[in-house]
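Open the model in your viewer and keep the sequence panel beside it. This tour tells you what to select at each stop and what is there.

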Amino acid sequence: MVLSPVPLPDAELRFDPHWLGPVEADALLEGLQAQVPWSVHRIRIFGRDVDSPRLSCWIGDPQAHYRYSGADFAPHPWPAPLQPIRERLQETLGVRFNSVLANQYRDGRDAMGWHSDDEPELGPEPVIASISLGATRRFALKHRRQPERALALELPHGSLLVMSGATQRNYRHALPRTTRPLGVRINLTFRRILSR
Ligand SMILES: O=C(O)CCC(=O)C(=O)O
Ligand SMILES: [Fe+2]
């Protein structure tokens with residue numbers, strides 16, 4: 001209910017651990033598990049095509065194509081449960097999002113490696129709004145040039161993390177694997193793809 005700044009040099013982070021109430025968050029998690037056409041994306045790592053260790057879906061307005069890790073993704077249309085969330089985010093942040101990358105981490109073995117969301121079609125200082133549902137997982141940030149500048153945030157069910165300003169330029173982030181027995185987690189990163 002309150003987006004508070006998270007202090008981190010050379011970055012701009014805001015966090016609300018309870019942006020969605022538990023009932024709303026439960027309903028959204030269930031709705032997305034059932035209604036999103038999940039698949040394993042092929043990604044390129046060190047010049048090799050591999051299955052990414054999670055389920056994903058690129059969702060957005062028809063023109064919002066997204067290229068990353070050597071692949072071009074045409075957007076799936078918005079599933080009904082995401083429409084009110086998109087509108088509420090736009091009201092909260094004053095940003096018009098036209099797309100969202102949905103990721104489903106089936107258990108602690110599913111993960112996301114170190115990267116920045118710095119594709120050219122996001123523009124130089126993208127606002128990325130990240131909603132987490134289900135199991136709490138650790139989200140790690142590390143400065144590109146000063147690795148002692150690092151931060152780990154636990155992202156609980158219903159939380160909202162907003163990354164903006166120079167965050168993508170100066171930091172990488174990751175969702176590490178864990179051996180803890182954990183249930184499913186869904187993460188939504190709302191983005192604005194600029195037209196070419
Ligand atoms: O699952 C997360 O919290 C991170 C997802 C992420 O970094 C991305 O979708 O680019
Ligand atoms: Fe990311």
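**Before you start**

This is a predicted model, in which local features need pLDDT of at least 70, side-chain atom pairs count only at pLDDT 80 or more, and totals for chains, interfaces and linings use all residues. Residues are numbered from 1 along each chain as its sequence is written, while chains are lettered from A and ligands numbered from 1 in the order in which they are written.

Two strands pair if DSSP finds at least two bridges between them.

**Stop 1**

Strands of a sheet pair through backbone hydrogen bonds, either parallel or antiparallel. Select the strands S1, S2, S13, S10, S15, S8 and S5, which in that order make an open sheet of seven strands with antiparallel pairing. At the edges are S1 and S5, each of which pairs on one side only. From one strand to the next, the twist averages 20°; axes here are lines fitted to C-alpha atoms, for helices over the stretch in contact, and angles run from 0 to 180 degrees between N-to-C directions.

Now walk across part of this sheet. Select residues 4-6 (S1) and 12-16 (S2), an antiparallel pair with three bridges. Proline 5 stands opposite arginine 14 of S2. The two strands form a hairpin with five residues between them.

Next, select residues 128-134, strand S10. How many of the seven residues of S10 are buried? The count is seven of seven. A residue is buried if 20 or more other C-beta atoms lie within 10 Å of its own, exposed if 12 or fewer, and partly exposed in between, with C-beta atoms placed from the backbone. S10 is joined to S13 by five bridges and to S15 by six, antiparallel in both cases. Alanine 129 has valine 162 as its bridge partner in S13, and serine 130 has threonine 189 in S15.

**Stop 2: the four-strand sheet**

Select S9, S14, S11 and S12, an open sheet in that order with antiparallel pairing. Strands S9 (112-115) and S12 (150-155) are at the edges with a single partner strand each, so one side of each has no neighbour in the sheet. The twist averages 15° from one strand to the next. Within this sheet, S11 (residues 137-143) and S14 are antiparallel with four bridges, and leucine 141 stands opposite histidine 173 in S14.

**Stop 3: ligand 1**

Select ligand 1 and the residues around it: Leu101, Asn103, Met112, Asp117, Ser130, Phe139, Leu155, His173, Leu175, Asn187 and Thr189. A residue belongs here if its C-beta atom, placed from the backbone, lies within 6 Å of the molecule. Strands S8 (99-105), S14 (171-175) and S15 (185-191) each give two or more residues to this shell.

Colour the shell by class to find five nonpolar, five polar and one charged residues. Ala, Val, Leu, Ile, Met, Phe, Trp, Tyr, Cys and Pro count as nonpolar, Asp, Glu, Lys and Arg as charged, and the others, Gly among them, as polar.

**Stop 4: helix H2**

Select residues 83-93, helix H2, whose buried residues are Ile85, Arg86 and Leu89. Seen down the axis of H2, these fall within an arc of 100°, so they line one face of the helix; the arc is that of the directions from the helix axis to the C-beta atoms. On the face turned away from the buried side are the exposed residues Gln83, Pro84, Glu87 and Glu91.

**Stop 5: two loop residues**

Select aspartate 10, in the loop between S1 and S2. Its phi is near 65°, a positive value in a residue other than glycine. Aspartate 10 is partly exposed, with 15 other C-beta atoms within 10 Å.

Last, select glutamine 63, in the loop between S5 (55-60) and S6 (66-68). Is glutamine 63 buried or exposed? Glutamine 63 counts as exposed, with 12 C-beta neighbours inside 10 Å.
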